[in-house]
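Here is a friendly walk through one protein model, taken a piece at a time. Keep the sequence and the 3D view open as you read.

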Amino acid sequence: MPAEQFHEWLRREGRIVVVGASLAGLRAAETLRAEGFTGSLTMIGDEPHPPYDRPPLSKAVLLGKASPERTDLPRRRETDATWRLGVAASGLNLADKRVRLADGDEVPYDRLLIATGVRARPWPKEEEAQLDGVFVLRTRDDAVRLERRMKAGPRRVFVIGAGFTGSEIASACRAQSIAVTVAERAGAPLVGALGGVVGAVAAEMHHDNGVDLRTGVMVTGLEGDSVGRVRAAHLSDGSVVETDVVVVCLGASRNTDWLTGSGLGAGPRGIACDAGCRAFDFRGIVTDDVFVAGDVARSPHPLFGYQFLSLEHWGNAVAQAEVAAHNMISASSDRRPHMWVPAFWSSQFGVNIKSVGVPSMGDEIMITQGSLAERRFVGVYGYQGRVIAAVSFDDTRWLEFYERQIETGAPFPVEYPTVDRRPEGRKPVPADFPDPSLPTHGPTVTLSGYSPTDRRMVFTPARH
């Protein structure tokens, strides 16, 4: 068989293995079939469940509006895949093109997609983390256990970390009249993701809804009773909060441990890949048969100074998976880059929060629509003289407009007399992000590297 025909056969008829049977993995598998891949497709997942949706776990599920078992992701098309669920990948042999599984089996591949996502960071003191009543919230099983405990009517829930997940859990508690205390080492909720100006509004939402919000403190220890149930949390200011449920919301760790020694450019910040989702090896050389998508990926983005971005975003997982799948079975001339503008949403205390771009890159913010005092506004972030992000509280209609400003590198401060509605404070103010060397709870975009080449470009994506 001539080389060209062999490569075409390999793309369309070879063996593809997807490690990670959640949102990104499923959408990639569906895209592969939709674009004509007819070969062998194997899906490997460490959880026993079929792919399910994670955002409802901290929202509708904890509010009792949805069952954890009813969060399966809808299927767009038949994948005709072999599913290896409930068994984790434990190693990767790049030379032999084989994925090792925790049960000792090995799965060969011609092309591999890694979509292993992230896991919740546990409480670091292992003995305290094992106390009855201490939870994390990432998986469906986590949600089942926490929902059951909340239904039992705890005296008080103690949440460690006031990022998006911690704030959503606090909101769910108050909606059910459950007493809740939230401890955050920064000065306000959401500051790692949205900065202090917006964080101050989030803090008011907590207070007004009856949350016992403790900021500027760290949890120094969890105390159990004689039978191993959690009974109190100790804080760095010397205070003690009695509680029978603790939810640890300290962010996420990327699932790359299984790649140790594989030769891939993988580490705690994720797996480095190019804009076409091809993974780098540890020498910085791009591979041509290993691709990455979803929360575990680190990819460069020209809109953001060629920074390598790690995104814990639902929409990014879908878009990147579709690009990765397309590129896996396409000739090099037909491949396309993944340049999705980050977008994120949250619902807490009856307020819908959405953002586009990378707010944490911003050094200044302008309130361009609405009012902070009314908690209905749009804030636009600037960085080095251009629009870098926008966030809305109950005012999403402007976000598409600001997304276009981000894409075209529009100047900052913004001046749009046709859309401004005489908002409060037309001048930019410091966005007030915390020192990045001091970790906070909840940023959903991680800047993890940059290109030393300073380039300027206009990004004009095709719109279909």
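This is a predicted model: local features need pLDDT of at least 70, side-chain atom pairs count only at pLDDT 80 or more; totals for chains, interfaces and linings use all residues.

A89 stands opposite L101 in strand 5. That strand covers residues 98-101 and pairs with strand 4 in the antiparallel sense over 4 bridges. Here strands (E, at least two residues) and helices (H or I, at least four) are DSSP runs, numbered from the N terminus, and two strands pair if DSSP finds at least two bridges between them.

Residues are numbered from 1 along each chain as its sequence is written, and side-chain values use heavy atoms, leaving out hydrogens and water.

Now step back to the whole sheet: it is open, has 3 strands in the order 4-5-6, and pairs in the antiparallel sense. Strand 4 (89-93) and strand 6 (106-108) are the edge strands, each pairing on one side only. From one strand to the next, the twist averages 25°; angles run from 0 to 180 degrees between N-to-C directions, and axes are lines fitted to C-alpha atoms, for helices over the stretch in contact.

Look for V107 in strand 6. Is V107 buried or exposed? V107 counts as buried, at 6% relative accessibility; buried means under 20% relative accessible area, exposed over 50%, and partly exposed in between (1.4 Å probe, protein chains only).

Leaving aside residues up to four places away in sequence, V107 touches V17, T42, I44, R84, K97, R98, V99 and L101, where contact means heavy atoms within 4.5 Å. V17 lies 90 residues from V107 along the chain, and their C-alpha atoms are separated by 7.9 Å.

A second open sheet to find has 6 strands in the order 24-25-28-27-26-29, with antiparallel pairing. Its edge strands are strand 24 (343-348) and strand 29 (429-430), each pairing on one side only. Strand 24 is joined to strand 25 (residues 351-357) by 6 bridges in the antiparallel sense, and the bridge partner of F344 in strand 25 is S355.

Strand 27 (residues 376-383) is mostly covered, with 6 of its 8 residues buried. Strand 27 pairs with strand 26 (residues 364-371) over 7 bridges, in the antiparallel sense, and E364 has G382 as its bridge partner in strand 27. The hairpin of strand 26 and strand 27 has 4 residues between the strands, and R375 takes a positive phi near 60° there. Strand 27 also runs antiparallel to strand 28 (residues 386-393), joined by 7 bridges; V380 has A390 as its bridge partner in strand 28. In the hairpin of strand 27 and strand 28, with 2 residues between the strands, Q384 takes a positive phi near 50°. Helix 7 (residues 196-208) lies across strands 24, 25, 26, 27, 28 and 29, running at about 10° to strand 28.

## Helix 8 and its partner

Helix 8 (residues 314-328) has 15 residues and reaches 21 Å from its first C-alpha to its last, close to the 21 Å expected at 1.5 Å a residue. The expected span is 1.5 Å times one less than the number of residues. Helix 8 is mostly covered, with 12 of its 15 residues buried, including A317, V318 and H326.

The axes of helix 2 (residues 23-34) and helix 8 come within 8 Å and cross at roughly 35°. The contact involves L23, A24, R27, A28, T31 and L32 of helix 2, and W314, A317, V318, A321, E322, A325, H326 and M328 of helix 8.

How many disulfides does the structure hold? The structure holds 0 disulfides, a disulfide being a pair of cysteine sulfur atoms within 2.5 Å. The sulfur of C273 has its closest cysteine sulfur in C277, 5.4 Å away, so the two are too far apart for a bond. C273 is buried, with a relative accessible area of 0%, and C277 is also buried at 0% relative accessibility.
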